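Hello,

Here is the structure I promised to pass on. Please open it first, then read my notes below.

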Amino acid sequence: MTSKSKKEIKFIQGNEACVEGALYAGVEFFAGYPITPSTEIAELLAGRLPEQGGKFIQMEDEIASMCAIVGASLTGRKVMTATSGPGFSLKQEAIGYACMAEIPCVIANVQRGGPSTGNPTHVGQGDINQARWGTHGDHNIIALTASNHQDVFSITVDAFNMAETYRTPVILLFDEAVGHLREKLVIPEAGELPIVDRLRTSVPKGVDYYPYLPREDGRLPMSDFGGHHRYNVTGLFHDMWGFPSNNPKVVNELLRHLVDKIDNNIQAITRYKEHCMEGAEYILISYGSSARSAIHLAQNRRAKGEKIGVLELQSIWPFPAQMVREKCRGAKAVLVVEMNMGQVMAQVKAAVDEPGRVFLANRIDGKLVTPSDIKQLLRVIQGRGV
Amino acid sequence: MAVKEYLRERFFPHMWCPGCGHGTVLNSLLRAIEELGLDKNDIVMTSGIGCSARISGYVDFHSLHTIHGRALAFATGVKLSKPDLKLLVPMGDGDALAIGGNHFIHAARRNIDITAIIMNNRIYGMTGGQFSPLSGPGKKATTAPYLTIDNAFDTVELAKAAGATFVARSTTYHAKECTELLKQAISHKGFSVVEILSQCPTHYGRKNKEGDAVQMMEGYKNNTAKLGSKALEDKPSLIARGIFVDVERPEYCQEYDKIIARAMKEEV
């Protein structure tokens with residue numbers, strides 16, 4: 001073992017990098033159910049959590065896993081579950097509950113090919129829109145992603161921080177290729193990355209605590225179950241006491257609060273990286289494992305003098321439309337590289353000044369989109385033939 | 001502490017129909033808690049969806065009103081995370097044994113220290129009177145205009161088979177008996193189940209010609225008998241009341257503490 005003052009270097013899977021990030025962020029409770037290709041997250045936390053007094057439980061199904069982490073979060077713990085395609089579908093109602101009741105929690109979805117059982121052992125990125133709209137009703141959500149293990153680690157830390165800051169479920173949209181790929185991870189020293197702890201109320205015992213009355217900055221301090229403030233938590237529209245209400249004013253204000261608390265902080269939430277973007281005439285927008293191919297191509301073409309850059313998205317929801325518009329301004333063409341039928345492309349088209357210059361370089365056959373897949377489309381767009 | 005102290009008066013009046021048995025269950029439960037002398041801060045009441053589930057809003061405990069059928073899954077998260085808390089999970093028959101059936105049998109299998117209270121009115125009341133997995137065959141419901149053909153679960157047998165370590169049954173007619181059973185269930189270390197037959201005169205009684213609330217409660221008096229009683233021996237077709245299971249088995253959270261001890265030891 002390396003001493004604690006030194007950085008630890010590991011050669012591991014992406015799913016393990018996610019686990020390391022979660023532990024660094026302070027995860028204390030995990031509930032899950034076996035599903036490919038995310039199972040390693042559960043397996044690893046089953047061993048690691050009790051080593052530090054945390055709790056792991058394998059529940060009877062995906063729904064129960066999601067419910068259990070919400071329950072545990074209310075006792076003051078940082079909580080997480082992990083799943084893939086079908087499991088993500090099953091969790092949706094309880095994710096909506098966590099949105100409505102404003103319970104901090106992190107859900108890792110290591111994406112595979114869908115719909116239905118689909119392509120369990122192969123890569124896909126088809127859950128982009130499900131992450132946004134999988135649960136019913138208007139709501140808001142944060143979804144983050146990453147293309148390499150160092151970023152999987154840090155974005156997982158970000159996910160826990162944002163869950164606490166905004167009192168919301170945060171979804172980690174990884175994919176099978178990143179999840180199972182092995183590469184180097186340098187674990188930062190304690191204190192190197194910021195950690196957001198739970199904001200707890202300062203209202204003393206005996207004084208009324210309003211669990212759902214936002215402070216001026218929009219944040220809602222929490223009180224742990226078992227503490228001296230007893231309050232109601234419900235998935236119904238509720239007043240500042242947490243008690244059910246169908247008063248139109250209460251309903252209107254709560255729904256707007258749920259949407260605004262995230263939309264109003266889009267700049268603080270937005271995460272992205274630029275690769276070879278200086279003076280780029282052709283921009284590849286990508287994320288997750290697809291971004292690795294896009295970056296590879298851009299670096300190769302740059303070496304040959306072509307002005308190609310990659311805008312790598314690390315936050316998908318709320319979609320950073322303004323940032324994308326600014327980065328794509330003046331580009332000859334924007335290629336969205338993803339492994340679905342254009343779910344992020346639709347967002348990019350809606351964001352940019354010239355949607356007619358946005359193209360889709362996708363692959364949906366369970367194979368990783370390759371640099372040559374992208375190059376072929378690029379050649380057509382550039383008028384250089386197939 | 002007076003029973004009234006356990007209520008959130010601010011949230012009254014309650015939403016139950018006149019004659020509903022659920023208020024009697026709440027009464028019995030609060031008296032059990034009072035007699036046990038439990039601290040309000042130590043109790044978490046977790047419920048799902050339905051008439052029964054609204055009980056959690058009216059009590060001055062930590063209360064978690066969740067989604068349909070999943071109360072036990074939420075409760076499992078609360079309990080494992082903070083095992084010192086007392087978990088009370090009131091559920092309706094549909095909530096507990098239709099949509100929530102999987103969580104019910106698995107909570108029982110784990111023997112996690114949670115008290116499940118099944119308020120069995122044999123109907124989906126909140127949605128207007130559809131048959132439930134406890135209605136049984138030959139009943140009238142809005143979704144069974146030609147009478148039900150579905151068989152009913154026997155809650156007690158199901159709980160026993162799934163591994164619950166305390167299983168009891170009573171009715172709203174026997175409110176004091178309910179209090180006694182609930183006291184024992186709450187004090188029991190492990191997964192405890194108390195089924196309480198609770199009348200729904202609005203949606204079940206009327207349709208099935210079982211009369212108003214008083215007549216339905218008389219039915220509970222006449223059609224049930226205590227376990228081990230002469231009445232039950234003479235007429236085994238009566239519904240048995242009392243404690244069916246009361247055994248000690250390793251409790252889940254305590255077992256998990258052993259896992260932590262093992263994991264920490266390996267680290268050294």
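Let's start with chain B. Among its contacts with a separation of 6 or more, 65% are between residues 24 or more positions apart. Please keep in mind that this is a predicted model.

Chain B holds 11 helices and 10 strands. Its C-alpha trace spans about 70 × 45 × 35 Å along the principal axes. How does its radius of gyration fit a compact globule? For 268 residues, such a globule would have a value near 18 Å; chain B has 18 Å, so the two agree. Of the 268 residues in chain B, 53% are buried.

One helix of chain B deserves a look. H3(B) covers residues 71-81. Because 11 of its 11 residues are buried, H3(B) is largely enclosed by the rest of the structure. The buried residues of H3(B) include B:Phe74, B:Val78 and B:Leu80. B:Lys79 and B:Ser81 are buried there too.

Now chain A. The secondary structure here comes to 13 helices and 16 strands. Its C-alpha atoms fill a box of roughly 75 × 55 × 40 Å along the principal axes. With 386 residues, a compact globule would have a radius of gyration near 21 Å; chain A has 21 Å, so this agrees as well. In chain A, 54% of the 386 residues count as buried. Residues 24 or more positions apart make up 75% of the chain A contacts with a separation of 6 or more.

Chain A is assigned two stretches as domains: domain 1 (8-187) and domain 2 (272-381). Their centres are 26 Å apart, taken over C-alpha atoms. Where the domains of chain A touch, 26 residues of domain 1 are in contact with 19 residues of domain 2. Elements giving two or more residues to the domain 1 side include strand S6 (119-123), helix H6 (149-166) and strand S8 (169-175) of chain A. Which element gives the largest share of that side? It is H5(A), with 4 residues. By class, the domain 1 side divides into 13 nonpolar, 10 polar and 3 charged residues.

Next, the two chains together. Their contact takes 35 residues from chain A and 33 residues from chain B. On the chain A side, the elements that give two or more residues include helix H2 (39-51), helix H4 (85-101) and strand S10 (232-234). H3(A) gives the largest share of that side, 9 residues. The chain A side has 19 nonpolar, 9 polar and 7 charged residues.

S10(A) is joined to strand S2 (residues 62-65) of chain B by 3 bridges, and the two run parallel. A:Thr234 stands opposite B:His65 in S2(B).

Last, the cores. In soluble globular proteins, nonpolar side chains tend to be buried together. The largest nonpolar core here has 184 residues. Which of them touch the most other members? They are A:Val70, A:Leu172 and B:Ile117. This core draws at least three residues from each of domain 1 and domain 2 of chain A. Leaving aside neighbours within four places in sequence, A:Leu172 is in contact with residues including A:Cys18, A:Val106, A:Leu144 and A:Ile155. A second, separate core has 7 residues, among them B:Ile123, B:Tyr124, B:Cys200 and B:Tyr204.

Best wishes

Methods: Residues are numbered from 1 along each chain as its sequence is written. Chains are lettered from A and ligands numbered from 1 in the order in which they are written. This is a predicted model: local features need pLDDT of at least 70, side-chain atom pairs count only at pLDDT 80 or more; totals for chains, interfaces and linings use all residues. Domain bounds come from an automatic or database domain assignment. Two residues are in contact if their C-beta atoms, placed from the backbone, lie within 7 Å. Ala, Val, Leu, Ile, Met, Phe, Trp, Tyr, Cys and Pro count as nonpolar, Asp, Glu, Lys and Arg as charged, and the others, Gly among them, as polar. Two strands pair if DSSP finds at least two bridges between them. The radius of gyration is taken over C-alpha atoms; the globule rule is 2.2 Å times the number of residues to the power 0.38. A residue is buried if 20 or more other C-beta atoms lie within 10 Å of its own, exposed if 12 or fewer, and partly exposed in between; C-beta atoms are placed from the backbone. A nonpolar core is a set of buried Ala, Val, Leu, Ile, Met, Phe, Trp, Tyr and Cys residues joined through C-beta atoms within 7 Å.
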